[in-house]
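Below are my notes as numbered points, to be read next to the sequence and the model.

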Amino acid sequence: MSRLSLGWTLPAYSVLLYAFLYLPIAVIVLFAFDAKAIPGLPIDTFTTDWFAVSLADTRLVGSLFTSIRLALLAAVLSTALAMPAAMVLAWRPVRMKSLVLCLVLGPVVLPQLVLGLGLIVLFRAAPDLIGSPAIVLAHTTMTSSYATLMLYSRFLGFRRSYIEAAMNLGADEFVTFREVVLPLVAPSLIAVLLLAFTDAFGEFVVAWFLAGFTETLPIAIWTSLRQVISPKIYALSALVILVTLFVSVSAQIWILGQSRRECES
Amino acid sequence: MSAARDIARRRSRLRAALPAAGLLPLVLWQIVFFVVPVALILGLSVWRSQSYRLIPAFTFDNYIAIFARPAIWRALLLSVETAAFVTVACAVLAYPVAYFIAKKAGRWRGLLLVAVIAPFWISIVMRVAAWRLLLGERGVINQMAIALGLTEAPMSFLLYSPVSTAIGLIYAYLPLYVLPLYAAISNIHDNWIDAAMDLNASPTRTFFEVILPLSAPGLVVGAVFCFVFGLGEFVTPALLGGGKQLMFSQVIQDEFQRRLDWPSGAAMAVVLLVLVFASLALSMKWIRRASGETGL
């Protein structure tokens with residue numbers, strides 16, 4: 001342990017910063033229970049009515065289901081693209097590896113605005129795809145980058161000796177993949193799927209550019225933010241936020257546990 | 001015999017083809033949906049538009065025209081200033097927490113790290129909606145301040161101003177800054193710090209001469225991502241900024257979608273891209289130098 005200690009200031013500051021990070025979340029959840037039509041302090045009466053109201057709003061719930069459907073598709077597609085690529089990048093000598101990595105990293109650093117506008121121009125060549133297909137294609141592009149990078153770093157730490165042992169015992173590539181690699185990477189695959197889903201589910205800018213008449217939940221919330229916001233938006237947001245936190249936290253703890261077990265073994 | 005050799009040969013050819021087969025789908029996908037759109041933007045920026053129609057050309061008129069507009073310069077300056085401010089603020093705010101998690105949190109470090117990143121996964125639109133509730137004239141912060149007697153009239157500068165954009169952006173990118181800082185600080189061995197203290201360096205001197213230089217890689221990586229994302233961010237300024245002082249991203253979107261002048265919008269997008277890649281290229285040198293010095 002280092003002797004450089006600041007006593008209680010460091011923990012106290014950290015508590016404050018965590019409060020800052022979770023304040024907006026707490027406020028949304030709090031106002032989901034506010035009985036007033038225009039939310040604000042002080043809250044006199046608490047109600048759970050807004051949850052019922054928001055779940056009865058077919059347009060809002062429809063946009064929620066659109067988002068879930070499109071994000072599922074994007075998550076599966078991007079993981080399917082990312083997994084073989086990450087395996088090759090991590091375990092095989094690849095010519096022009098840095099070029100490939102640049103191609104993968106590109107969408108991460110490219111401003112979403114620019115990608116969205118470029119895709120608008122691209123989809124002028126295929127206007128029929130505007131709407132759900134274009135959103136899925138765009139989100140897959142964005143999430144497959146993150147997915148490849150995450151899987152790549154996981155695979156780099158993967159014990160090659162397992163694969164070599166299987167191959168030495170006479171298993172070919174496909175058997176080794178099915179019997180050794182897949183069971184070992186399954187947890188990180190699921191974690192990456194979950195994170196890609198969360199990312200695609202919440203993305204707004206690019207989806208908004210390509211949506212046409214399709215309405216995802218972030219687009220519906222954006223539209224409602226242009227007017228006076230009904231508390232039902234907060235109620236639905238609160239539900240979605242709690243689910244998002246649960247999904248992303250469990251996915252990350254899963255990854256964490258996985259790498260810790262590998263360190264110990 | 002020859003049949004067996006045939007199978008073996010086919011198998012080895014298959015084995016040689018596997019890496020390409022694994023990489024190809026992703027590479028093709030990224031070319032079609034990432035490289036081509038960027039190339040289209042680059043191409044469009046040298047075209048001309050006449051009464052909403054695109055005319056193929058090779059001209060730099062769009063660039064000359066946008067830089068002749070003072071509003072563009074104002075927006076560009078505001079974006080760079082805001083992104084720079086947000087980057088510095090994030091660095092200052094994130095450093096102590098990253099240090100705490102890396103050095104003092106013991107077995108809680110994993111959980112604390114996850115807890116920092118978790119809000120990052122919530123849809124940006126919802127996070128911004130929450131900040132509206134907090135910052136508005138009748139928002140939570142103003143009403144608390146009035147109740148506590150800190151101010152008499154609500155602070156109206158909190159919402160719909162560059163201040164609120166900056167607050168929203170700091171909130172959005174703080175988790176992103178903690179991650180690389182945490183990685184850099186946990187790479188600093190405790191006995192290096194102890195050695196400095198043993199040699200009678202004061203805690204302040206130990207921090208500035210040992211800990212801070214050794215965490216430089218994390219500081220630089222975090223700063224680049226913060227700055228680059230802050231430059232191009234659209235949702236936060238659009239919903240919190242109020243629309244009086246536009247950021248560069250808003251001007252680009254406006255040019256594309258409301259004024260429908262794609263070539264000049266594309267030229268602005270290229271300017272943004274150049275800024276982004278210039279900051280990346282500049283920091284690459286720094287990241288290498290920083291990691292070279294620490295021997296990581």
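1. UniProt, in an unreviewed entry, assigns the feature "domain: ABC transmembrane type-1" to residues 64-251 of chain A. UniProt positions are given here in the numbering of this note, feature names are shortened, and annotations may be inferred rather than shown by experiment. That span is 81% helix and 0% strand, and its end C-alpha atoms lie 21 Å apart. Helices (H or I, at least four residues) and strands (E, at least two) are DSSP runs, numbered from the N terminus.

2. A word on conventions. Residues are numbered from 1 along each chain as its sequence is written, and chains are lettered from A and ligands numbered from 1 in the order in which they are written. This is a predicted model, in which local features need pLDDT of at least 70 and side-chain atom pairs count only at pLDDT 80 or more, while totals for chains, interfaces and linings use all residues.

3. The unreviewed UniProt entry also lists "transmembrane region" for chain A at residues 12-33, 70-91, 98-123, 129-152, 180-198, 204-222 and 234-255. Two of these are worth looking at side by side. Residues 180-198 of chain A are 100% helix and 0% strand, with end C-alpha atoms 28 Å apart. Residues 204-222 of chain A are 63% helix and 0% strand, and there the end C-alpha atoms lie 9 Å apart.

4. Please have a look at helix H6 of chain A, residues 132-156. Its 25 residues, at 1.5 Å a residue, should span 36 Å, and the end C-alpha atoms are 35 Å apart, which agrees; the expected span is 1.5 Å times one less than the number of residues.

5. Is Leu60(A) buried or exposed? This residue of helix H3 (residues 58-91) of chain A is buried, because 21 other C-beta atoms lie within 10 Å. The cut-offs are 20 or more other C-beta atoms within 10 Å for buried, 12 or fewer for exposed, and partly exposed in between, with C-beta atoms placed from the backbone. Leaving out residues up to four places away in sequence, Leu60(A) touches Ser54(A), Ala220(A) and Leu236(A); a contact requires C-beta atoms, placed from the backbone, within 7 Å. Met142(A) is 82 residues from Leu60(A) along the chain, and their C-alpha atoms are separated by 25 Å.

6. Chain B has 13 helices and 2 strands, and its C-alpha atoms fill a box of roughly 90 × 70 × 30 Å along the principal axes. Of the 296 residues in chain B, 44% are buried. Among contacts in chain B with a separation of 6 or more, 72% join residues 24 or more positions apart.

7. For chain B, the unreviewed UniProt annotation "transmembrane region" covers residues 21-47, 84-102, 108-128, 166-185, 206-231 and 262-282. Residues 21-47 of chain B are 89% helix and 0% strand, with end C-alpha atoms 38 Å apart. For residues 108-128 of chain B, the figures are 67% helix, 0% strand and 29 Å.

8. Pro175(B) sits in helix H7 of chain B and counts as partly exposed, because it has 19 C-beta neighbours inside 10 Å. Beyond residues up to four places away in sequence, Pro175(B) touches Val116(B), Ile117(B), Pro119(B) and Phe120(B). Leu113(B) is 62 residues away in sequence from Pro175(B), and 8.9 Å away C-alpha to C-alpha.

9. Two backbone angles in chain B deserve a glance. Tyr160(B), not a glycine, has a positive phi of about 60°; it lies in the loop between helix H6 (140-147) and helix H7 (162-186) of chain B and is buried, with 20 C-beta neighbours inside 10 Å. Leu260(B), also a residue other than glycine, has a positive phi near 55°. Leu260(B) is in the loop between helix H12 (248-257) and helix H13 (262-294) of chain B and is exposed, with 10 other C-beta atoms within 10 Å.

10. Finally, the interface. The contact takes 69 residues from chain A and 70 residues from chain B. On the side of chain B that touches chain A, helix H1 (residues 2-44) of chain B gives the most, with 18 residues. By class, that side of chain B has 53 nonpolar, 10 polar and 7 charged residues, where Ala, Val, Leu, Ile, Met, Phe, Trp, Tyr, Cys and Pro count as nonpolar, Asp, Glu, Lys and Arg as charged, and the others, Gly among them, as polar.

Note on methods
Two residues are in contact if their C-beta atoms, placed from the backbone, lie within 7 Å.
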